[in-house]
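Thanks for coming. Please have the sequence and the structure open while I talk.

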Amino acid sequence: MTNRRHWLSLGVLLLLPLSSWGYVEAPQSLGSVIAQSTHIMQLVVTSVDQQNNLIIYRKVEDLKGKHPTDVVKHAIGRGGLRPGEWQEIMNWAAVGKTAIFFHNGGASELFMGPSWYQAYPGGEWWNMSHAEPFLLRTYAGKPEKLAAAVKQILAGQEVVVPGMIDGDKEALHRRRAKIQRLKASLTRQDYNPKRDFVGWGGEDLTRVQGMPGFSYLAELGRVDAESQAVSTVDWNGDGKPEFCLVSSTRVALFKNDGESFVEVPLPGLIGGARAAIWADANGDGKLDLLLATPNGLRLYGNRGDRFVDDSAALPAIPGQTVTAAAWLDADADGKPDLLVGTPFHGLFLLRNEFPDRPQAAPADPKWSDWYTIGPFPSSGPGDIDKVFPPEQGIQLDATTEGKNGKAIAWTKADYPDGAVHSLARYSGNENENAIVYLYREIDVTAPTEIPLSLGSDDGLAVWCNGKRILREETSRAAAADQNRVTLALKPGKNYLLLKVVQGNGEWAFYCQPGMPKSSLGGWFTDVSRAWGLADSGIGANLRPDSISVADFDSDGRTDFLVGGDQWLLARNSGTRFEAVAEPGLGKPSGKFGATLADVDGDGAVDLLIPTGTGLRIVRNRGAGQFEPWNLAGITDQNFGNVVSVACGDVNNDGLPDLVVGCLRGTNRFLENLGGGRFADRSAAIGLNRRITNARAVALVDVNSDGRLDVVFVNEGQESMLLLGNSELPSPKTPVQIRIPVQLGVIGCRLQVRDATNQMRGSHMIPGGDGRGGQSLAGLRVALEPGEYSFQWRTTQGVQSSIAIRVGNQPQTVSLTETVTRESTDRPTEGAKP
């Protein structure tokens, strides 16, 4: 059996057998890792083979020692100590990504940004062994900043680096451990956070100079080609808004940890999307993520601490290519339905028929230990079909006759997943011309599919729940991924049986489960034709690029607006969608989605439409009719290549302002002066200092300090978060209203009224907005101190209100289900709320 080197916390590299590969359990300081390495280099990804799981790096710079080649090849394979490890690496891999590579000629560790992995040399290739999540205690920042830190440490300097706290190993595996900043140097060889602690949070936030409107900047990484959307959402319910950035090549979902932003993996996702939209798809009180991808819809169920692929809940869409999508409650039953745009087959409505009684989300599969019995007699690999008692039924307490007439019984075996394990555990000739069986049980709570990577020396047969799913008559050495099967598991206990047939020489097997795909069954139904859609309905000849959803005619039902080569505004009659013949929107100027906002404060949803050179605002006149709105400082103004816009009260004066995203020019801040007048105040807050190529923009108070922050999704450079300067004066008190998911977020209309019943702000929570994005932050208004009534209405017609007293400090109000339900009557058709 081949021996491999392994990192140990004492700085000593010992020879360990392949079957005992494991994680770096003892924490190490960055200074220690640098001291143990003979070579450290900065790499950049130059090519990726997703089919064979190969990554080719090019050396950018030797940081320590001189690596003999400029090209570094890594074979990722399908290994790892836990399911999903190789998938995470390949999901990260993309041309242009930076990595830092540490090695001593044998063992190596590579930091790729999200995490670390271990690899060993084998000829011209370094072969990935497993992920190293526990090294996130050593460093958990950006690769580029790790390169700089290594240089400084090797120069004898002391630096401060971010790392995850020790303690909860599962939190390290899931990259959810809290971030701390520690001192690091060559003199700090032991890991001692009590001594080296500097503060909480990573190095994500850096002080901004020369931009008076902002205090800190966080770079969010590149999403590159055709960046187009951002969705803002508190997906884990901790009160801190997160964001999801979208391009045609990448989706980046972030978790807000206060002073740092950690990217969260989405299992099995390769490539980008055209939309990232959120809703509680299964009634469990958590927001789930729907991605519209070139390969079809992907639904990621929110399990609180992670996401799982629930795409089995969705029916197939003709052609599978999806260019736009949005959530909406079409039938007013309180469940989010799904509107989908395709380039050649029209629009589709998928009705959510999840049971009214919420079901628990599927739990992770529970795997038993391995049990083995053998050897049984064989004349070689050709005996793959020779039947012995385990194939006729499993009785773990039974004894049977084996090779040479010897009594044999089932015994428990320690065979960790993702490694080649020797089966030559018997005496003398019992390890040749023999057969052994391996047995394992798998408990699941819902229908589940689990891919298996298998290898064997020699022949291999596999049964799942008594059905043979693999027969491989062969003579070979065992290795990963020689065979692949998918286990189709039913709720409850399932049975896996392996049969390994031995000729002579080595005798071994390999088994690595992949990412489970569980669901509660399909619960979305295609009702497109009944609602006047699909290839024979309205929009059949459109090429949808965006879908915005709102109650545009104020009749209490959710309508939609499709953007593409032309606009399509469709009103909801309750049982069908009907196209509005002349909605007054003009002709689209390009692939620009419409942003929804109540700009004039009348309670109806207006539209902000980029034109490529400027911005067009159309005012909602009710009954599905819009009209151009001439606004001083906006109409006929050339702001450059305008492609996106966001609306919010940036300066807390009670009036909605606009932040405009531009290509090949500076972004713009248009301050609302009141009375239909706007002024370009970009220079006053510093937006004129940078050209970001912002394809999408969002306004959200990320740190709950009462100031709106700005997310720019940039093309060709790092996307960024700019934190608003909380030291600037606020004429009024900012108040953030958050709605619990259980109240039915999508389509909910919110209003705030003062003591005289005058409306002071309104917002409708969209199921899709702009060009594939969404804002689920709720209603945010700036008010004078006093008494106010906050009112909301769900898509089911349930109206509620709560009295709030506003003081002088920023406030966050989270509504609950304990308020009184006042009415379920729908308003008159076309009436203002």
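I will go through the domains, then the cysteines, then a few strands. Keep in mind that this is a predicted model.

Domains to begin with. The domain assignment gives domain 1 as 30-200 and domain 4 as 733-814. Domain 2 is written in two pieces, 215-354 and 526-724, and domain 3 likewise, as 426-465 and 485-515. Taken over C-alpha atoms, the centres of domain 3 and domain 4 are 56 Å apart.

Now the cysteines. How many disulfides does a search of the whole structure find? The search finds zero. Take Cys464: the nearest cysteine sulfur belongs to Cys511 and is 12 Å away. A disulfide here needs the two sulfur atoms within 2.5 Å. Looking from the other end, Cys511 has the sulfur of Cys464 as its nearest, at 12 Å. Are these residues buried or exposed? Cys464 has 9% relative accessibility, so it counts as buried. Cys511 has 2%, so it counts as buried too.

Last, the strands. Strand 9 covers residues 125-131, and five of its seven residues are buried, so this strand is largely enclosed by the rest of the structure. Which strands pair with it? Strand 5, residues 71-75, runs parallel to strand 9 and is joined to it by three bridges. Strand 8, residues 116-122, pairs with strand 9 in the antiparallel sense, over six bridges. Strands 8 and 9 form a hairpin with two residues between them. In that turn, Gly123 has a positive phi of about 75°.

Look at Asn127 in strand 9. Ala75 stands opposite Asn127, and Asn127 is also the bridge partner of Tyr120.

Definitions and conventions
Residues are numbered from 1 along each chain as its sequence is written. This is a predicted model: local features need pLDDT of at least 70, side-chain atom pairs count only at pLDDT 80 or more; totals for chains, interfaces and linings use all residues. Side-chain values use heavy atoms; hydrogens and water are left out. Domain bounds come from an automatic or database domain assignment. Buried means under 20% relative accessible area, exposed over 50%, partly exposed in between (1.4 Å probe, protein chains only). Helices (H or I, at least four residues) and strands (E, at least two) are DSSP runs, numbered from the N terminus. Two strands pair if DSSP finds at least two bridges between them.
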